[in-house]
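Please keep the structure open while reading, and look up each residue as it is named.

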Amino acid sequence: MASLKQKSITGMIWTVSERLGLQAVGLLISIILARLLEPSQFGLISMLAIFTAVAQSILDSGFGSALIQKKDADQTDASSIFFFNLILGVVLAGILSLAAPLIGEFFDQPTLVPITRFLSLTLIINAFSLVQTSLLTKAMDFKAQMKVSLLATIASGVIGIVMAYQGFGVWALVTQKISRSFFQAILLWVFNTWRPSFILSLTSLKTMFSFGSRLLASGLLDSIFRHLYQAFIGRVFSATSLGYYSKALSFESAATQATSGALSKVLYPALSSVQDDDQTLKKAYRKTIRLSLFIHFPLMIGLLAIADPLFRFLLTDKWSASIPYFQILCIIGLFYPLHVLNLNILKVKGRSDLFFRLEIIKKVIVIVAIAVTYRWGVMGLLYGRIATSLIGYFLNSYYSGHLIDYSQWDQIKDLMPSFVTALVMGAVMYLVGLIPTESLILKIIIQTITGISFYYLLSFRASASELKEVRSIVTGVAQNILKNLKAVLWQTR
């Protein structure tokens, strides 16, 4: 049997490949759609994000994580979750459709009524995907998931772009979302051999719900508050303001998910297998957090430094109002891997009760921050998010640190070298950006090359062990790509 380290490295290679491929394709599709559509049309879709996200969290019901966490999960468990979710998906879609007029009235946007009803179909479609995805994750088969996600994103993106070009406006975005769920569900059943048995065991559901219920409650809170700012901006300000904010958020999320999302996806199932060995758990976790931040810090700080020419080149001046939002979101995004990795420890150790209590405390802090900062507009809300993110990190790390004897101070000492190096790199990139250059793309290239070179040299001089790990991962990805390319070329002969 493959060792935990080997499975984690293999999973990391495929997951990073998936994330990078998905983000590259998704970014390209997003850029084309942003050039074809107006900010207000993106704002309309973002208004519904909180409702669809909450419904999706209920659909999961924590069973996906429970299926991954349960060591002896069997066919009865998987089949029971599948049929329960299918029934629940139909019910939730019906509720969302009935609530559509109220949603349209809340935002004073009548167009949202039919849009909400069409988007509710994704809940039924996604019910077919949950168990398949969870089983693939449990088996650490990220290769199949990469293929599914990439193909679904490309197919739905092409549909969205064609519709936007033909003048369908916001309906291009609606169709893109529905078709992505549809293609993903179909492909998961093609790439995964698991099929449900006609079993719906309440005993099995009850057993897993004891673990999943707290994650459900935490997931609901997270979904509500992760999209609360979008709903608040759409209600208090305008669809156009929300469009600018949502576009900045989508770019920032692409960067954070490409790194931390990949690590989290691999880390949870990998560490769940050694949840009872605190020493191994601490060693693996510490190594992961150092590697994650070594990659993540320069990425976010570098994006902040090139934000202005990047947005103007990719999206045109039509989206220039998104630039300051994006820069602040990059600062907030610096803390994302710290949140994810610390909360993963609570899940791995089975402390979903503590996970839930922490989420409640953090959400109360968010409400207070919104109440205090909204009077200064969207920028005020974003500055408030920086404060809440810092507070959230110290809460998460305090409790996870106690579980594996890895204190906040130890974490800060581990992350500080990468943070300082990335800050110096960012300052150099900013200064280089002040040099007058007529070409936006040339400025971006010069700043990026300067930043990467400077960060590499500083890390090399400091003999950073993470640099060797990154080289190993990059080499593994390159060898894997070369191997697959040779296989394809050999077959074509």
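In this predicted model, the largest nonpolar core contains 94 residues, and among these Leu33, Tyr245, Leu315, Phe326 and Leu382 touch the most other members. Helix 14, which spans residues 278-305, supplies the largest share of this core, with 10 residues. Apart from this core lies another one of 19 residues, which includes Ala144, Trp189, Trp194 and Leu205. As general background, nonpolar side chains tend to be buried together in soluble globular proteins.

If its neighbours within four places in sequence are left aside, leucine 315 is in contact with Ile31, Ala34, Arg35, Lys247 and Phe251.

The chain as a whole can now be placed around these details. The protein chain has 22 helices and 0 strands, and buried residues make up 52% of its 493 residues. Of the contacts in the protein chain with a separation of 6 or more, 83% are between residues 24 or more positions apart. The accessible surface of the chain comes to about 22,600 Å², and carbon and sulfur atoms account for 67% of that area.

Two packed helices are described by the angle between their axes and the distance between the axes. The axes of helix 5 and helix 8, the latter formed by residues 130-138, come within 9 Å and cross at roughly 145°. On the side of helix 5 the residues involved are Ala78, Ile81, Phe82 and Asn85, and these meet Leu130, Val131 and Leu135 in helix 8. The residues of this contact divide into 6 nonpolar and 1 polar, with no charged residue.

Aspartate 108 lies in the loop between helix 5 (75-107) and helix 6 (112-119), and aspartate 108 has a positive phi of about 60° although it is not a glycine. Is aspartate 108 buried or exposed? Aspartate 108 is exposed, because its relative accessible area is 63%, where the cut-off for exposed is over 50%.

Threonine 316 is found in the loop between helix 15 (307-315) and helix 16 (323-333), and its phi is near 75°, a positive value in a residue other than glycine. With a relative accessible area of 27%, threonine 316 is partly exposed.

Methods: Residues numbered from 1 in each chain as written. Predicted model: local features only at pLDDT ≥ 70, side-chain atom pairs only at ≥ 80, totals over all residues. Heavy atoms only, no water. Helix = DSSP H or I, 4+ residues; strand = E, 2+ residues; numbered from the N terminus. Buried < 20%, exposed > 50% of the residue type's maximum accessible area, 1.4 Å probe, protein only. Contact = heavy atoms within 4.5 Å. Areas by Shrake-Rupley, 256 points an atom, 1.4 Å probe, with all protein chains shown as cover. Axes fitted to C-alpha atoms, helices over the stretch in contact; angles between N-to-C directions. Nonpolar A, V, L, I, M, F, W, Y, C, P; charged D, E, K, R; others polar. Core = buried A, V, L, I, M, F, W, Y, C linked by side-chain atoms within 4.5 Å.
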